[in-house]
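Q: I am new to this structure and would like to learn how to read it. Could you take me through it step by step?

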Amino acid sequence: MRSHKLRKRVDMAASLLAVGCVLVALIPLVSILVEVIRNGAPMLSWEFITDRTTSGVGNAILGSLQIVMYAAFIGLPVGILTGIYISEFGNNRMGSTIRFFNDVMANFPSIVVGLLVYAMLIVYLGMTYSIIVASVALSIIMIPIVANTTEESLKMVPNSLREGALALGVPRWRTVLKVVLSNGRSGVITGALLAVARVAGETAPLILTTMFSYFWTVSPNEPSAALPTLIFNYAMGYSSLTVDEAMRHAWGAALVLIMLVLSLNVSVRLLSMRRFKKNHKGARRWRTRLSLKA
Amino acid sequence: MENKIVTEGLNAYFGDVHAVKGVDLAIPANSITAIIGPSGCGKSTLIRCMNRMHEVVKDARVEGRVVIDGEDIYAPGSDAVEIRRKVGMVFQKPNPFPTMSIYDNVVAGLRLNGERDWKRLDAAVERSLKLAALWEEVKGQLDASGVSISGGQQQRLCIARALAVEPEVLLLDEPCSALDPIATAKIEDLLFDLKNNFTIVIVTHNMQQAARISDFTAFMYLGELVEFGITKDLFENPKEELTEKYITGRFG
C-alpha cells in the first residue's frame, strides 16, 4: 500500500514538473504576443498600412513581400530538390557530403551570410543595394532549412510504397515525383513554409544588402524598405520621428510582420488541403460515367 | 511444358552476405510454383532477382543469369523498368498508395507510365478488379482511399494493381502472411483462376498453402535450392532428407 501511494506521488510530481516547464516555456511566447499586440494594435490603420515610411509602413510591407517572394523563387526549388536528392538518391559518398555541408550551412549565422553576399555581389560584382541582392542572401538561409525538412519528410514515406511503384515498372524519377513526393507532401510544404516564415523576419542580412528606402520600390534592382529593417531603424532611433513616435511605429510594424507570417501560414495550409481533394480525378470521372449510365 | 523463367547459377548478395547460392531453377509457364523454406533462406531474395527488384536495395548485387522467354534480364542493355512491367510483384504487406483512390491505385502503373485515355483506364480498372475478385466489393466506392478497405481487400487491390499493367509473370512474396484464413482462401482461389493466363511464383511460409495451390514446389535452405519438383511428389516422396525433415516439421 505504501509503495502504491509513493508511486502516485512521484507520478503527480513528475506531471506537475512537466506542466510547470510548459508554462515557463509559454511565458516568453505569450508575453511577446501580448506586448506586440498591446503596443502595435493602436497603430493599425489603413493609412499606417498603406502610407510610405515615416507616416506608415506600406513601402516596407511591399519591400518585404518582394524580397521574400524572390528568395522563395530561388531558395525553394533548390532546397526541395536538394532534399529530394539526399533522401532518394543520396545513398553514396556524394549524398553524405552534401548532407554534411547542408548541416553546416544550416548553422551559419545569418549576418555571415549577409556579409558573404554583400562582399560577393555588391563589393566584388558591383551590384547596388537592392531587393534582388537581399533575396539571394535570404535564399541561402532558406536552402538548408528546406533541404533538411524535405529530406526528413521524404524519409518518413514507407519504403514499401517506393517498392510498390518500382515493381509496377514505374521509372525511379517518376516514383519519386508521383508516389514519394505525394505521400510526403504535407511535410515538404510545412518545411517550405517554416523557411519562408523564418527568413521573413531576418534583419541582419537585409541591413547589409538592401539598406533602406523611404520610397516605394517596385524594381528588384533598387534599395528597398523592409519590415525588419524598418523596425530596426526606428527602434534604434535612425529616423526623423521623435523617439516616442518611432517606437510606436516599430511596434506597429512588428504586429504587421507577425500578422503577415501568420496569414501566409494559414493560406498555404488551406491551399494544400484543397489540392488534396483534387487528387482523385480518376475516381470523380468514373462516378460521372456511372451516373450517366444510370 | 515450356519454361517461362530459368535461373542459371544465380547468386545474390547483400554487401558481404551471400543470400542466394548458385540456384538453377526452371519455372514452367502457366503454372503455380511455390517456394518454401525456413525464414532467411533466401526465398524472397530469389524472386526479387526475377524482376530486378533485388538491386533496389543498397549494396545488393546479383551474379548469374535469369532468363525469361529466352532473354537474360541481367544482360547489359536490358531495361529493369521494362522487365518489371512484364514481371509483376505483390509484397508481403499490402502496400496500396495511401494518397490515391481505389481507382487510381489500380491504374497507377498505367497512369504513371503516361496512359491518359480514360476509356482504356476505366476498362483496365474493371477488368483488373474483376480478375482480382474485388470488383463486386468495391465497385461502389472507387473514389475511396486505397487504404480505407480491409487488409484482405487491400492485398487483392495490390494484386489488381499488378495485373493492370498486363504482366506475364506474377511474383508473390508471402502475400497471405498478414491475412486471416478467409481472406487467404479468397486469394488462393484467385491465384488458381489466374494461372491459366499467368505464370505465378509464390513464396510462402505455409506448407499447406504450397501443397494446396501449387503445381511445382521448390525447397530452399540457407540460400541453396535443395529440391525442386512436382508439388505432389515433393510432399509425398521427397528425394532429399532435408526436404523430408522440413515438410514433416522436424526443423524450421
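A: Gladly, and let us begin with burial: a residue is buried if 20 or more other C-beta atoms lie within 10 Å of its own, exposed if 12 or fewer, and partly exposed in between, with C-beta atoms placed from the backbone. In chain B, 49% of the 252 residues count as buried. Please keep in mind that this is a predicted model, where local features need pLDDT of at least 70 and side-chain atom pairs count only at pLDDT 80 or more, while totals for chains, interfaces and linings use all residues. Residues are numbered from 1 along each chain as its sequence is written, and chains are lettered from A and ligands numbered from 1 in the order in which they are written.

Q: What radius of gyration does chain B have?
A: This value is taken over C-alpha atoms, and the globule rule is 2.2 Å times the number of residues to the power 0.38. For 252 residues the rule gives a radius near 18 Å, and chain B has 18 Å, which agrees with a compact globule. Its C-alpha atoms fill a box of roughly 55 × 45 × 35 Å along the principal axes.

Q: How many helices and strands does chain B have?
A: Helices (H or I, at least four residues) and strands (E, at least two) are DSSP runs, numbered from the N terminus. Chain B has 11 helices and 10 strands.

Q: What is the strand order in the open sheet of 4 strands in chain B?
A: Strands of a sheet pair through backbone hydrogen bonds, either parallel or antiparallel. Two strands count as paired if DSSP finds at least two bridges between them. Here the order is S2-S1-S4-S5 (chain B), and the pairing is antiparallel. S2 (17-28) and S5 (71-72) of chain B each have a single partner strand, so one side of each is left without a neighbour in the sheet. Strand S1 (residues 3-14) of chain B pairs with S2(B) over 8 bridges, and B:Phe14 has B:Val17 in S2(B) as its bridge partner.

Q: Which residues touch the most other members of the largest nonpolar core?
A: Nonpolar side chains tend to be buried together in soluble globular proteins. A nonpolar core is a set of buried Ala, Val, Leu, Ile, Met, Phe, Trp, Tyr and Cys residues joined through C-beta atoms within 7 Å. Of the 142 residues in the largest one, A:Leu227 and A:Ala253 touch the most other members. Helix H6 (residues 131-155) of chain A gives the most to this core, with 15 residues.

Q: Where does A:Leu227 sit, and is it buried or exposed?
A: A:Leu227 is one of the buried residues of H10(A), a helix spanning residues 227-236 with 7 of its 10 residues buried.
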